[in-house]
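Good morning. I have one structure to go through today, and I will keep it short. Please look at the sequence and the fold on the screen.

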Amino acid sequence: LLKSHYNVLWMDTVLEEFPGAKVVITVRDPAEVIQSFLSYAVTNLSFVADGKDAVKIARAHATAAYSYLTNVSQELAHLHRRLKGK
C-alpha cells in the first residue's frame, strides 16, 4: 500500500514491476491542497527562518510547491489516461 502523493511520480515503474496492482486515485479540492502546502510551509519555515530570510525561504518554497503541484497533476493525468485505456 503506497499512500504518499509522491508515488505518482514513479507510478509507471510501480505498474511495470507489479502489473496486477490496483490503483486508487483520490481527488482533493485544490484549495485544500494549497492550504495544506501553506500550512506545512509556515510550520516548517518558522523553525529555520527569521527576518528577511523568511521571505526568501517562503518564496523558494512557493516556487518548489508550484513546480511539484504542476508535475504531480501532469503525472496524474498521464496515469488516468493509461488506466482508462486498460
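Predicted model: local features only at pLDDT ≥ 70, side-chain atom pairs only at ≥ 80, totals over all residues.

Start with the secondary structure. The protein has 3 helices and 0 strands. Along the sequence that reads α-α-α. Take the contacts in the protein with a separation of 6 or more: 70% of them are between residues 24 or more positions apart.

Now burial. The protein has 86 residues, and 16% of them are buried.

Which residues make up the largest nonpolar core? There are 10: Val-8, Met-11, Val-14, Leu-15, Val-33, Phe-37, Ala-65, Tyr-68, Val-72 and Leu-79. Two or more of these residues come from each of H1, helix H2, which spans 30–48, and H3. H3 gives the largest share, with 4 residues. As background, nonpolar side chains in soluble globular proteins tend to be buried together.

On to the surface. The accessible area of the protein is about 7,100 Å², and carbon and sulfur atoms account for 61% of that. There is a nonpolar patch on the surface, formed by Ile-25, Val-27 and Leu-76. Together these three residues have about 260 Å² of accessible area. Leu-76 sits in helix H3. Why does Leu-76 count as partly exposed? Because its relative accessibility is 31%, and the partly exposed class lies between the buried limit of 20% and the exposed limit of 50%.

Last, the charged pair. How many salt bridges does the structure hold? The count is 1. The partners are Asp-12 and Arg-82, and their closest N and O atoms are 2.6 Å apart. This pair links distant parts of the chain, with the two residues 70 residues apart. Asp-12 belongs to helix H1, residues 11–17, while Arg-82 belongs to helix H3, residues 52–84. In general terms, side chains of opposite charge can pair when their charged atoms come close.

Notes: Residues numbered from 1 in each chain as written. Heavy atoms only, no water. Salt bridge = Lys/Arg side-chain N within 4 Å of Asp/Glu carboxyl O. Patch = residues over 30% accessible without salt bridge, like charges linked within 9 Å, V, L, I, M, F, W, Y side chains within 5 Å. Areas by Shrake-Rupley, 256 points an atom, 1.4 Å probe, with all protein chains shown as cover. Buried < 20%, exposed > 50% of the residue type's maximum accessible area, 1.4 Å probe, protein only. Core = buried A, V, L, I, M, F, W, Y, C linked by side-chain atoms within 4.5 Å. Contact = heavy atoms within 4.5 Å.
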